[in-house]
Structures are given as structure tokens and as C-alpha cells.
Amino acid sequence: MPNETEVVAEETVANSEETLTVTDNRTGKSYELPIVDDTIRAMDLRQIKVREEDFGMMAFDPAFTNTAACRSSITYIDGEAGILEHRGIPIEQLCEHSTFLEVAYLLVYGELPTRPQLEDWTFDITTHTFVHEDIKQFLKGFRYDAHPMGMLLATVGALSTFYPGSKNTGDQIERYLATIRLLAKVPTLAAFSYRHNMGLPYVYPDNDLSYSENFLSMLFKMTEVKYEPDPRLARALDVLFILHADHEQNCSTSAVRDVGSSDVDPYSAVAAGVAALYGPLHGGANEAVLKMLRRIGSVEEIPAFLESVKNREEKLMGFGHRVYKNYDPRAKIIKSHADGVFEATEYNPLVEIATELEKRALDDEFFTSRKLYPNVDFYSGIIYEALKIPPEMFTVIFAIPRTAGWLAQWMEMSDDPDKKISRPRQIYCGRRNEDYVPLGEREGPDTIEGPPATRPS
Ligand code: SDX
């Protein structure tokens, strides 16, 4: 077959070096695919066919391990170097100098706010922290021991029914209202879920307090007239909020973008993010870390536990990351703040187990050869525990700041000129051209595998 080279790209290829030449050995044909930002467009593969009537070639990438789904200017991560920046500003500087609400503004609008902007932003969020009284009816329907992430998932989705105007996703006023309402109300819904679990009355927001102080008040205020937050703990929580605010195209953010691409309202898109974050491989890992440390029980039990991990009986929760193949920079910052929190609270033996576990794992070739290092979840749970927050609430606390990242990514997706409803392809590997078999002529086992035998015999 002649080795014809066929320039197939729609746009004129500005510089022939910026192309990928691929040869289909089935036909001997070569194709030049444009390279932009060190990527090729998957659609440029579709010209590669054996027969003219073929559908054309696709890329196969389950879990999107090597597929860019969008262009974004919100968060930059360098997994090898352990770098995390929001709108170009290193996470270390934001944790040292900024506050969560200021970082939320930076994520959403792309610039640090001026003083008047920050004052208005803070006022608008502070004065939207109440939820409609009817929301309490939803929470009443949950069992006392319902997982708070399940309650948050339900109530965030329910918010969409209280603000039908948010369906106008292109309306700037509606977008702003949904942004401040979600940033303001998610902590309230989170705290209400906790109080429901504890059988305690709800504590309404206190507008005299800062964002993180108010959250602590809604969690822990009892009979005192006014909750007095410990400033060290409130600051540690605010830094944790900054560290969890956004993390480029992680599982839950991808869910928000995916669901949001159908032009659904932002409350429903954010509810999809809550659902994805709930998973133990994602946001649920911090809760799983605490349970893992409790299961290990003592420093002496660490070698046996690590053996079970190597035998694939367990995962070392709080370790490993799809992007960071070095220490997660957030884990370093959390660890540096942990000591301050532990000074302000009573000693927690799990800290000793966690520190020794990390040391042993980082000395072990099984983990270092797989580039498994502590991620954001390894130490955060211990701090939350020191703040007397129960493990079931850890992922809920992750969801609070991540709401800012989800909203920023949702807005960027909504305005992206490449925006289309998300609809991946598949490689079909099932049967074809089967005929229907009447019930009386079917052969096979008499029972369905798996379900408990609860049917009458
Ligand atoms: C978050 O994406 C984000 O940015 C997420 C996040 C965010 O801010 O949004 O950073 C938040 O989700 C942090 C991650 C929290 N999850 C956990 O801590 C759960 C434990 N970690 C793993 O489940 C795992 O590391 C993942 C899910 C985080 C990443 O998995 P990958 O990238 O798919 O890696 P992999 O499963 O392909 O693992 C590569 C190898 C495998 O071994 P081999 O089969 O090649 O021999 O490493 C092993 C895995 O078995 N491995 C682990 C492990 N993580 C990976 N082995 C033991 N313990 C682990 N924790």
C-alpha cells in the first residue's frame, strides 16, 4: 500500500513539527495529527479507518487516567514536584496569609478580592447562612444514625427546589446568588446533620462569627448564651478549608462538570459532587484513616498491618494519589498545623500510631516503589478528631470548602467555548443479533445468584 501522508486536521497545521504522524499498519496509511498543548484531539483519530464505512478510531481510557477533559485556569498541580497552586498562587502562601472565604473568591473570580470586594463577599455569604425552615422536615425523615454525607447529599439537592431561578444557568445574578447561597448554606446543612445525629437542637448561624468560627458554633454550642470558639482551632479549621477548596479534575469535580454539562442548576450539579466525594477512595478516605488507625490499635501492631496491605488484604488509607507521586503538599501543611491543634486539645494516642505508620511505610520499598506517600486525608482526620468531630463528619467537612472549587469549576465549564453535554463512547463487547426466547423454552439455573433466601420456599 502506498505510504500516503494525509493531512487530516481541520485547522491548517501552523508548524509541521507540532504534529503527530501516525501510521495505521493495517492500511499503511499515515496521518498527521495536530499537537496543541502537548495533546491531540481525540476526534482527530476518527479519520483512521480500515474501510470507509467504519466508525473510525477512538481512544480508550477508563477512569480518564491520561485524558484531559477540559482546559482550566483554576488549579495547577505538579504531581512529581508536589506543587499545588490556585490561580498561580502556591498553596503554602494561601495557607499562611489568606482565609478560606478569600480563597473561595480567588477560585471563583480568578483574582484576589480588593478590600471592598472581600467585605461585600463576606457580608453576602454571612447573611445567607440560614436555610428555609422546611429543610428541617427533610432531616427529620432520616434515622438518628443516618450518615451525615447522605443527609448533606439529600439537602443540597433539595436546595434546588427552593431556588427555581437557578435553572437560568447563564444568568449572572442567578449564578452569584447560587454561589453565595451554597457557600453559606452547606456549613449550616452540615452542622444540622451532625446535630440530628446527636439528637441535639439545631444551632442557628451566628453572624458575629467568622466562617469557620460560625461552623464550630453550629456544631458545638450548647446552653451558653454565645459560643466562644478557640481561635487556634478556628484558624486550624480555616486552613483545612483552604487546603480542601479545589484540586483540579478530581473525581467529585469531574462529577460536577459532567452533571453540569446537561445545563442542570448548580445545586443539583454540586449534589453530584457530594455524592462522588462520599466514596472511601475519594473524600471518604479521612474517615477511613481514623477507622484504620483504630483497627491497628497500637504501634506494635503496625508491622502486621503493613503485611496485610502488601498482601492486598487492606489499603493503607490516606496514602497514594492519582496525581501526586511525591508527598501531597497539603499533607505537609496539615501536619505542620497538627502540632498546634494537639497543644490546644488533649493528647490523642492515634497521633503516635499515625506518625509511626507513616515512618514505616516511607521506609518500605512496597510503598516507595509505587510512589505511595501520605495524601491530604492522612492527617486531616486526626485533627478533626482533636476538634471533637466524629469520623462520620470528616467527609462532610471536606465537602464544605470543596463547594467553592466545585462552583468555580462549574462556572468555568459553563462558559467554556468547548462546552457540550458530556457523553462518552464505549467499546461494545456484548452479544449481537440475539432472538427473544419465550419463557417456557428457557434453560438455565433455577435460582438467582446472591440475594438472601428470603422467598417463600
Ligand atoms: C483524595 O484526585 C484528587 O485530587 C483527590 C483528592 C482531592 O483533593 O480531590 O486529592 C482527595 O481523594 C485523596 C485520595 C484519598 N484516598 C485514599 O487515601 C484511599 C487510598 N488510596 C488509594 O485507593 C489510591 O491511592 C487512590 C485511589 C488514591 C489512587 O489510586 P490510583 O491512582 O488509581 O492508583 P492505583 O490504584 O492504580 O495504584 C497503583 C498501585 C497499585 O498496586 P499494583 O496493583 O500496581 O501492584 O499502588 C497500589 C495499587 O494496589 N496502591 C495502594 C494504595 N494506593 C495504591 N496499595 C495500598 N494502599 C494504598 N492506599
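**Figure 1. Arg312, an exposed loop residue of the predicted model.** In this predicted model, Arg312 counts as exposed because its relative accessibility is 58%, and the cut-off for exposed is over 50%. The residue is placed in the loop that joins α12 (302-310) to α13 (329-344). Although Arg312 is not a glycine, its phi is positive, at about 65°. Most residues other than glycine have a negative phi.

**Figure 2. Glu248 in the loop between α8 and α9.** Glu248 is another residue for which the backbone angle deserves attention: its phi is near 45°, a positive value in a residue other than glycine. The loop that holds Glu248 runs between α8 (231-243) and α9 (251-260). With a relative accessibility of 24%, Glu248 counts as partly exposed, whereas Arg312 counts as exposed.

**Figure 3. Asn250, a buried residue in the loop between α8 and α9.** Asn250 is also found in the loop between α8 and α9. Its relative accessibility is 12%, and therefore Asn250 counts as buried, the cut-off being under 20%. When residues up to four places away in sequence are left aside, Asn250 touches His282 and Arg402. Phe305 is 55 residues from Asn250 along the chain, and the C-alpha atoms of the two are separated by 29 Å.

**Figure 4. Helix α8, largely enclosed by the rest of the structure.** Helix α8 has 13 residues, and the distance from its first C-alpha to its last is 18 Å, close to the 18 Å expected at 1.5 Å a residue. Because 10 of these 13 residues are buried, α8 is largely enclosed by the rest of the structure. Among the buried residues of α8 are Leu233, Ala234, Ala236 and Leu237. The buried set also includes Asp238, as well as Val239, Leu240, Phe241, Ile242 and Leu243.

**Figure 5. Helix α17 and its kink at Pro401.** Helix α17 spans residues 394-414 and has 21 residues. From its first C-alpha to its last, α17 reaches 30 Å, close to the 30 Å expected at 1.5 Å a residue. A kink of about 40° in α17 is centred on Pro401. The helix is mostly covered, with 21 of its 21 residues buried. Arg402, at a position within the range of α17, is one of the residues that Asn250 touches.

**Figure 6. Leu362 and the residues around it.** Leu362 lies in helix α14, which comprises residues 349-362. Its relative accessible area is 26%, so Leu362 is partly exposed. Not counting residues up to four places away in sequence, Leu362 touches Phe319, Tyr327, Thr368, Leu372, Tyr373 and Pro374. Leu372 is 10 residues from Leu362 along the chain, and their C-alpha atoms are separated by 8.2 Å.

**Figure 7. The whole protein as context for the close-up views.** The secondary structure comes to 17 helices and 6 strands. Along the principal axes, the C-alpha atoms fill a box of roughly 85 × 65 × 55 Å. Of the 457 residues, 47% count as buried. Among contacts with a separation of 6 or more, 71% are between residues 24 or more positions apart. The protein exposes about 24100 Å², of which carbon and sulfur atoms supply 53%. There are 47 positive and 71 negative side chains, and the centres of the two sets lie 4 Å apart.

Key. Residues numbered from 1 in each chain as written. Predicted model: local features only at pLDDT ≥ 70, side-chain atom pairs only at ≥ 80, totals over all residues. Heavy atoms only, no water. Helix = DSSP H or I, 4+ residues; strand = E, 2+ residues; numbered from the N terminus. Buried < 20%, exposed > 50% of the residue type's maximum accessible area, 1.4 Å probe, protein only. Contact = heavy atoms within 4.5 Å. Areas by Shrake-Rupley, 256 points an atom, 1.4 Å probe, with all protein chains shown as cover. Lys, Arg positive; Asp, Glu negative; His and termini not counted. Charge placed at Lys NZ, Arg CZ, Asp CG, Glu CD. Expected span 1.5 Å × (residues − 1). Bend = angle between axes of the 7 residues up to and from the residue.
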